[in-house]
Amino acid sequence: MSAVTYHGEYPEGQVNEDGKRYVVQHEETFVEGKSVNVTDKGLLAKFAANRFFKTEGSDKDAIAQGADEADKAEAEAIRAKLAEDGIHPHHLTKLPNLRKLRDEHEALKAEAAQD
């Protein structure tokens, strides 16, 4: 089960007596800022892909968290490999730039080895 929250931005959303926007999707009424528990995995996938809704506890969250952890681990590995050769990039250098630096360094090492 995952909590699905409507952001209240949908242009055709209606306003209830409390002044909150709401929308009815898949036979569920979603009021702006209030979570609704959804158990259907197909619906969760739809809500996760819909910019007007936020899903918590869904596979999308787990995938994003796993990707972040993998990126951090890769960045640490690249930094360690570069440090072995005396290269210490700035601590805020992003992963794509670390990859580029690593690739350039490896290319230079290969070129030097051929000479």
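Which residues are linked with Asp85 in a network of salt bridges? Glu106 and Lys109 are. The model is predicted.

1. Asp85 and Lys109 meet through their side chains in a salt bridge, 3.2 Å from N to O. This pair links distant parts of the chain. Asp85 lies in the loop between helix H2 (59–84) and helix H3 (95–114). Lys109 is in helix H3, and the two are 24 residues apart. Asp85 has 35% relative accessibility and counts as partly exposed. Lys109 is also partly exposed, at 34%.

2. **The second bridge to Lys109.** Glu106 forms a salt bridge with Lys109, and here the closest N and O atoms are 4.0 Å apart. The cut-off for a salt bridge is within 4 Å. Glu106 and Lys109 are separated by about one helical turn, because they are three residues apart in helix H3. Glu106 counts as partly exposed, with 33% relative accessibility. Together, Asp85, Glu106 and Lys109 make up the network.

3. **Other salt bridges.** The whole structure has six salt bridges. One further pair is Arg102 with Asp103, whose side chains meet at 3.1 Å, N to O. Arg102 is partly exposed, with a relative accessible area of 26%. Asp103 is partly exposed too, at 44%. Side chains of opposite charge can pair when their charged atoms come close.

4. **Geometry of H3.** The length of H3 checks out. It has 20 residues, which at 1.5 Å a residue should span 28 Å. The end C-alpha atoms are 29 Å apart, which agrees.

5. **Faces of H3.** Leu95, Leu98 and His105 are the buried residues of H3. Viewed down the axis, they fall within an arc of 85 degrees, so they line one face of the helix. The face turned away from this buried side carries the exposed residues Pro96, Leu108 and Gln114.

6. **Faces of H1.** Helix H1 covers residues 41–49, and Leu44, Phe47 and Ala48 are buried in it. These three cover an arc of only 100 degrees around the axis, which puts them on the same side of H1. Lys46 and Ala49 are exposed on the other side. At the start of H1, Asp40 places a side-chain oxygen within 2.8 Å of the backbone nitrogen of Gly42.

7. **The largest nonpolar core.** Ten residues form the largest nonpolar core: Val4, Tyr6, Val23, Phe30, Val36, Val38, Leu44, Phe47, Phe52 and Phe53. S1, strand S5 (35–38) and H1 are the elements that give two or more residues to this core. Another core, of five residues, lies apart from it, and Ala75, Ile78, Leu82 and Leu95 are among its members.

8. **Phe30 in the core.** Which residues does Phe30 contact, leaving aside its neighbours within four places in sequence? They are Val4, Tyr6, Arg21, Tyr22, Val23, Gln25, Val36, Val38, Phe47 and Phe53. Several belong to the ten-residue core, including Val4, Tyr6 and Phe47. Phe47 is also on the buried side of H1.

9. **Ser2 in S1.** Ser2 sits in strand S1 (residues 2–6). Is this residue buried or exposed? Ser2 has a relative accessible area of 3%, so it is buried. Its side chain reaches the backbone oxygen of Glu56 at 3.5 Å.

10. Two residues deserve a look here. His26 is in the loop between strand S3 (21–25) and strand S4 (28–31). His26 is not a glycine, yet its phi is positive, at about 50 degrees. Glu27 is in the loop between S3 and S4 as well. Phi of Glu27 is near 65 degrees, again a positive value in a residue other than glycine. Most residues other than glycine have a negative phi.

11. His26 is partly exposed, with a relative accessible area of 38%. Glu27 counts as exposed, at 79% relative accessibility. The line between partly exposed and exposed is drawn at 50%.

Note on methods: Residues numbered from 1 in each chain as written. Predicted model: local features only at pLDDT ≥ 70, side-chain atom pairs only at ≥ 80, totals over all residues. Heavy atoms only, no water. Buried < 20%, exposed > 50% of the residue type's maximum accessible area, 1.4 Å probe, protein only. Helix = DSSP H or I, 4+ residues; strand = E, 2+ residues; numbered from the N terminus. Arc of directions from axis to C-beta. Polar contact = N/O pair within 3.5 Å; in protein donor to acceptor, adjacent residues only side chain to side chain. Core = buried A, V, L, I, M, F, W, Y, C linked by side-chain atoms within 4.5 Å. Contact = heavy atoms within 4.5 Å. Expected span 1.5 Å × (residues − 1).
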